[in-house]
Amino acid sequence: MIGNLGFFELTLFGIIALIVLGPDKLPVAARTLGRWYGMFHRASQKLQTEITNELQLLETQQMLKKELDEIRQSEARIKAQMNALERSLDRTKTQQQNTQKNQPAKELPNHDDFGIQVECDDDKNLQETHAIRAALTLPMINHWFLMSSYDRRRRLPPAPYLPNHIADPLLNQPNRRP
């Protein structure tokens, strides 16, 4: 507003204000006019910042909506792929079951993987023996003795604390064999 006025216009405005208001009321009027101008300027700045914030908020909401739409589309594609995989897995299982039904039963050997002879009277005991031996040859996963030291400290209870006057006799006992 004032930025567009030149020096001549400001001087002319000051002379007219001096004539109309007089020298007594001119400083009071100038202070009041300055306060109003400051309030108007602050209000316009606040309005501008609120408008820019609202525009940024709208842009952010639009971006979020686009991202959500993309995520939903990705989720739908992944679900479709999972369903296709499940169908193909089911088809494969049924094909395997059909081929196993059509094949004659395979006889189990009467020795284990190390060539040791397994003595069993009937097929049921032989199958149980093979199942037990297969279970024993599986890796020992998730057993306490295969845990790392960190896992042992975290999962197992701490060792009991024994003061030295109790622990020393236990440690220093002579080896007795039954």
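Predicted model: local features only at pLDDT ≥ 70, side-chain atom pairs only at ≥ 80, totals over all residues.
View 1. Of its 178 residues, 6% count as buried, and the chain exposes about 17200 Å², of which carbon and sulfur atoms supply 60%. The mean pLDDT of the chain is 76, with 60% of the residues reaching 70 or more. Among the elements, the highest mean pLDDT (90) belongs to H1, while the lowest (63) belongs to helix H2, which covers residues 123–137.

**View 2. Helix H1 and its kink at Gly-22.** Helix H1 spans residues 7–102 and has 96 residues, yet its end C-alpha atoms are only 107 Å apart, whereas a straight helix at 1.5 Å a residue would reach 142 Å. A kink of about 110° lies in H1 at Gly-22, shortly before the proline Pro-23. Gly-22 is also one of the buried residues of H1, together with Ala-17 and Gly-38.

**View 3. A nonpolar surface patch that includes Leu-12.** Phe-8, Leu-12, Ile-15, Ile-16, Ile-19, Val-20 and Leu-21 make up this patch, which has an area of about 740 Å². Leu-12 has its place in helix H1, and it counts as partly exposed because its relative accessibility is 43%, a value that falls between the 20% limit for buried residues and the 50% limit for exposed ones.

**View 4. The salt bridge of Asp-69 with Arg-72.** A search of the whole structure finds two salt bridges, and one of them joins the side chains of Asp-69 and Arg-72, with an N to O distance of 4.0 Å. Side chains of opposite charge can pair when their charged atoms come close. Both Asp-69 and Arg-72 lie in helix H1, where they are three residues apart, about one turn of the helix.

**View 5. The salt bridge of Glu-75 with Lys-79.** In this pair, the closest N and O atoms of Glu-75 and Lys-79 are 3.7 Å apart. Glu-75 and Lys-79 are separated by about one helical turn, because they stand four residues apart in helix H1. Glu-75 is partly exposed, since its relative accessible area is 40%.

Note on methods. Residues numbered from 1 in each chain as written. Heavy atoms only, no water. Patch = residues over 30% accessible without salt bridge, like charges linked within 9 Å, V, L, I, M, F, W, Y side chains within 5 Å. Areas by Shrake-Rupley, 256 points an atom, 1.4 Å probe, with all protein chains shown as cover. Helix = DSSP H or I, 4+ residues; strand = E, 2+ residues; numbered from the N terminus. Buried < 20%, exposed > 50% of the residue type's maximum accessible area, 1.4 Å probe, protein only. Expected span 1.5 Å × (residues − 1). Bend = angle between axes of the 7 residues up to and from the residue. pLDDT = per-residue confidence, 0-100.
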